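Have the structure open while you go through them.

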Amino acid sequence: MELLANLAIGIEAAFTPLNLLYCLGGVFVGTLIGVLPGLGPTATIAMLLPITFGLPPVSALIMLAGIYYGAQYGGSTTAILINLPGESSSVVTALDGYQMARQGKAGLALSTAALGSFFAGTVATLLLALFAPPLAEIALKFGPAEYFSLMVLGLVASVVLAHGSLIKAIAMILLGLLLGLVGTDVTSGTPRFTFDLPELADGINFVIVAMGMFGLGEIIRNLEHTETRDVFTRKISGLLPTWKDIKQITAPVLRGTALGSALGILPGGGAMLSSFAAYSLEKKISKNGKKFGKGAIEGVAAPESANNAGAQTSFIPMLTLGIPSNPVMALMIGALIIQGIQPGPQVMTEQPALFWGIIVSMWVGNFFLVVLNLPMIGLWVRMLTVPYHLLYPAILVFCSIGVFSLNNSNFDVYLMALFGILGYVCSKLDCEPAPLLLGFILGPMMEEYLRRAMVLSRGNAMVFVERPISAVMLALAVLALIVVFSPAIRKKREEAFQEEE
Amino acid sequence: MAAPIIRNPKDFLSGLMFIAFGAAFIYIAQDYTFGSPRRMGPAFFPVVLAIILVLIGLVVAVRGLLVTEDPPRGFTWRGLLLVIVSTLLFGALVRGAGLVVATPVLVCISAFASHLFKWKITAIIAIGLTAFCVIVFVYALGLPMPVIGPWFGR
Amino acid sequence: MIKTLSLMAGGLMLLTGVAVQAQDFPNKPVTIVVPFAAGGPTDTVARLIGQSMGNALKQQVIIENVGGAGGTLGAGRVARATNDGYTLLLHHIGQATSATLYRKLPYDALNDFAPVGLVTDVPMTMVAKKDLPPKDFKELIAYVQQNKDKVSYGNAGIGAASHLCGLMFMSAIKTQMTTVAYKGTGPAMNDLLGGQIDLMCDQTTNTTGQIKGGKIKAYAVTTKTRVPSLPDLPTMDEAGIKGFEVAIWHGLYAPKGTPKPVVDKLAAALQAALKDPTVVQRFAELGTEPVAANRATPEALGTHLKAEIVKWAPVIKAAGEYAD
């Protein structure tokens with residue numbers, strides 16, 4: 001009953017005409033900036049922060065939250081349409097989404113993403129309303145050892161991302177981990193692998209790597225075709241999923257939602273892992289596993305649901321503990337502070353209208369997103385009928401401006417060009433960029449957690465198996481490794497048996 | 001014709017690439033403290049990773065000598081060069097000359113990489129995109145980017 | 001002779017040019033470079049005063065975030081910028097400590113800038129996980145001295161204010177703790193709440209909510225006077241470490257050689273901004289207040305910067321920790 005009363009407070013706060021307007025404005029702006037590659041929600045929210053000074057706190061937060069998930073949504077759009085993942089969470093969406101677009105199924109991919117996200121958002125919002133405080137307590141149980149084991153599990157599972165050679169995928173993950181370590185070492189302050197360039201002292205921004213390896217690499221690869229054949233088929237199939245499609249994506253969406261909601265609660269990498277994890281799980285479970293990477297609809301549905309659910313539940317640590325789980329959440333906390341609200345555990349009791357208002361508005365925002373975007377899909381798809389040789393210079397311009405505006409630094413643009421070369425070379429050698437990107441994101445975090453765990457345990461490596469949550473995670477990782485390599489083992493065994501005979 | 005020594009250039013070259021990257025990371029990390037498991041230095045984690053990378057690189061390279069597969073095809077120097085050069089030029093120009101110079105340069109040079117390149121349509125795209133970027137990025141979103149850079153006075 | 005003449009003429013032109021510039025300064029938007037990512041505490045301060053200074057200058061003030069390398073990238077860019085007053089730097093205590101932390105700085109923090117004025121001091125608090133045994137600050141000192149490196153201290157990386165505060169504390173009580181580095185105090189606070197680490201020193205902005213919510217224990221504030229929002233918390237100075245003072249102070253700088261009239265105009269605008277009721281109110285909500293008008297001057301910032309460089313150099317050198 002208390003929940004109903006709370007939701008009533010939230011509905012009252014969120015359903016004022018003004019707040020609905022701010023919510024709509026937020027998701028609209030968010031979608032726009034998400035669609036412009038490179039320009040992320042962090043920069044936009046930072047720029048819009050001063051505007052929110054004059055608003056009441058609820059409206060300010062509702063608008064900023066709208067920008068956040070709107071941008072996540074828009075990021076998937078570019079990932080599907082032109083293979084440009086602007087956010088770490090849409091890297092895996094690009095794998096199958098872009099392939100679908102090339103086969104003329106961009107509309108289907110986009111609508112699947114929209115519907116999957118909406119469903120996941122609804123479930124995650126409910127979870128948020130029901131269990132936010134106890135879930136936050138669980139998240140606090142995660143110390144450095146648990147996080148390290150979680151990352152190991154994530155990496156092992158992500159080997160499945162590859163649709164080619166397993167061993168090359170592992171090598172790409174390692175290369176990604178190493179590239180992720182470029183920059184100042186947090187513990188000692190030593191700048192590593194920076195060639196004395198101050199621009200590298202804070203490491204390489206994810207967007208630079210993604211734009212270079214995915215964006216530029218793909219453009220150069222498409223320039224290989226000397227015949228007039230276009231990159232995308234002109235034949236466009238239905239924009240909305242058929243009954244058969246819906247049946248096919250129901251289970252992946254459900255699994256993605258569950259996984260995303262669970263991982264999103266963990267600050268420090270949880271939400272980022274969710275889309276990778278969902279994709280890997282789906283590829284293993286699905287009967288369609290072989291089609292993954294070649295335009296499987298499940299490969300869009302699962303990670304899209306997972307990342308939206310994760311984006312939603314990542315508000316839990318922020319709202320209940322006042323802890324930012326990513327840079328955007330840090331900005332939201334900044335917005336709260338400017339509004340004179342001290343983020344922390346007391347927000348829920350002292351500001352119920354704010355707390356529940358935001359939660360209710362998330363659902364409203366997700367609803368607006370679907371309403372706003374379903375009609376837009378036709379427009380997006382038509383964009384792909386523009387001949388590629390006219391389209392790609394525009395993509396290059398957006399990539400370059402996006403990367404430049406990260407730090408207003410031309411060095412970042414040069415670096416993107418360098419990763420473009422690496423991306424192209426890798427694609428020529430059948431080394432896939434997605435595992436590298438995951439390693440790149442996780443590298444610095446993994447090292448940090450490892451070292452922190454070792455310092456706090458005074459050098460006792462047993463800490464990873466002595467702590468139950470961590471031990472379970474590592475056991476799962478070993479299990480996953482066995483599952484991944486078992487086909488190969490079985491094959492070898494068969495060969496061995498044959499020799500015996 | 002005798003079987004070539006390198007039967008799968010893709011694997012062989014990837015192997016070499018991994019070995020090269022791994023070796024480079026190990027070499028550079030010589031300057032950093034290695035530390036102990038309790039107090040890991042800045043070199044600990046990267047060196048361990050890089051050693052594994054080199055080992056995997058060796059396996060991949062050797063496999064390239066044993067298993068026969070098609071060599072990579074259709075490498076486009078022209079595409080690679082023009083796309084990279086135009087991007088670099090954008091970076092070099094945007095701060096000093098401003099968006100109105102950097103954007104058309106990027107568009108024209110990169111568009112030249114396509115064999116379907118035509119001057120007229122490219123010029124139209126260049127002008128249209130520049131206008132779009134100036135309006136959306138600089139005026140609407142307020143990104144601190146010069147429209148006309150300081151190289152042309154104020 | 002001709003050379004001298006032309007030099008003089010050139011000099012004259014330059015002078016008149018500067019005078020004209022100063023007179024109608026500012027005739028285009030002024031940019032304040034924040035050497036940190038958007039949305040952080042320094043960025044918030046810059047955006048608050050930037051808007052208000054814009055009103056005073058009757059020109060738009062643009063905030064440009066040039067993050068990286070502990071703030072030295074952005075500071076370096078302003079040091080090399082045209083010294084016409086249109087490019088400014090808003091930096092915190094790091095401007096003073098980077099002079100020692102970075103041995104290969106491409107600029108001179110003291111001499112490559114024309115100080116405009118101090119902006120604000122943000123106090124810090126010494127906080128601990130909820131179930132740490134000591135009841136007050138005196139007991140905490142004894143506890144740390146007894147348990148030495150069994151006590152873990154979280155900070156936001158080399159050169160961060162939380163790191164400096166810890167260094168100062170450890171050197172004052174002559175005891176080493178186990179330091180655990182984080183990327184920012186957000187994740188460090190997470191581990192403090194979860195009881196993974198014992199101690200931390202962080203700005204009131206981040207700690208007040210947690211302290212009031214009873215999720216962490218607070219021992220003292222690091223400024224000379226108590227903080228209005230946490231009136232029961234003693235200062236370190238009264239609680240046992242005489243003379244202890246750490247605050248995250250913010251200053252506004254122009255590049256060296258900026259004409260005096262321009263700097264004065266900027267300082268006047270800064271002082272006006274610091275009197276602006278909305279700025280005062282927002283600062284109060286951030287747990288801080290604008291500095292007094294007589295400190296928001298070029299002279300005061302110059303003196304303060306020099307004093308802080310002298311204050312931190314031995315602490316950082318003794319710890320033997322550098323950022324490069």
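1. First, a word on what counts as touching: two residues are in contact if their C-beta atoms, placed from the backbone, lie within 7 Å. Do keep in mind that this is a predicted model. With that cut-off, the contact between the two chains takes 58 residues from chain B and 52 residues from chain A. On the chain B side, at least two residues each come from α1 (9-29), α2 (44-66), α3 (77-94), α4 (99-111) and α5 (119-140). Sort the side of chain B that touches chain A by class and you get 41 nonpolar, 13 polar and four charged residues.

2. Now chain B by itself. The chain has five helices and zero strands, and its pattern along the sequence reads α-α-α-α-α. Its radius of gyration is 24 Å, whereas a compact globule of 154 residues would come out near 15 Å. Along the principal axes, the C-alpha atoms of chain B fill a box of roughly 55 × 55 × 25 Å. As for burial, 39% of the 154 residues of chain B count as buried.

3. How is chain B divided up by the domain assignment? There is a domain 1 (9-66) and a domain 2 (77-152). Taken over C-alpha atoms, the centres of these two domains of chain B are separated by 38 Å. Looking at contacts in chain B between residues at least 6 apart in sequence, 64% join residues at least 24 apart.

4. Chain A next. Its secondary structure comes to 21 helices and two strands. Of the 501 residues in chain A, buried ones make up 66%. For contacts in chain A between residues at least 6 apart in sequence, 80% join residues at least 24 apart.

5. One backbone detail in chain A deserves a look. N83(A) is not a glycine, yet it has a positive phi of about 65°. You'll find N83(A) in the loop between α4 (57-82) and α5 (91-102) of chain A. Is N83(A) buried or exposed? N83(A) has 23 other C-beta atoms within 10 Å, so it is buried; the cut-off for that is 20 or more.

6. K148(C), a residue other than glycine, has a positive phi near 40°. K148(C) comes after α5(C), in the loop between α5 and β5 (152-155) of chain C. Here the count is 11 other C-beta atoms within 10 Å, so K148(C) is exposed, given that 12 or fewer counts as exposed.

7. While you're there, look at the helix itself. In α5 (residues 137-147) of chain C, the buried residues include L140(C), I141(C) and V144(C). Why do these sit on the same side of α5(C)? Because they cover an arc of only 100° around the axis. The general rule behind this is that an α-helix has 3.6 residues a turn, so residues three or four places apart point the same way. The face of α5(C) turned away from the buried side carries the exposed residues A142(C) and Q146(C). Among the elements that cover the buried residues of α5(C) are α6 (161-173) and β8 (216-221) of chain C.

8. Chain C is also split by the domain assignment, into domain 1 (26-122 + 248-319) and domain 2 (123-239). Their centres, over C-alpha atoms, are separated by 27 Å. Across the boundary, 17 residues of domain 1 of chain C are in contact with 15 residues of domain 2 of chain C. The domain 1 side draws at least two residues each from α4 (94-101), β4 (113-129) and α12 (298-319) of chain C. α12(C) gives the most to that side, with five residues. By class, the domain 1 side divides into eleven nonpolar, five polar and one charged.

9. Last, a strand pair in chain C. β1 (residues 30-34) and β2(C) run parallel, joined by five bridges, and V30(C) stands opposite V61(C) in β2(C). Strand β2 (residues 61-65) of chain C is mostly covered, with four of its five residues buried.

Conventions. Residues numbered from 1 in each chain as written. Chains lettered and ligands numbered in written order. Predicted model: local features only at pLDDT ≥ 70, side-chain atom pairs only at ≥ 80, totals over all residues. Nonpolar A, V, L, I, M, F, W, Y, C, P; charged D, E, K, R; others polar. Domains from an automatic or database assignment. Arc of directions from axis to C-beta. Pairing = 2+ DSSP bridges. Rg over C-alpha atoms; globule rule 2.2 N^0.38 Å.
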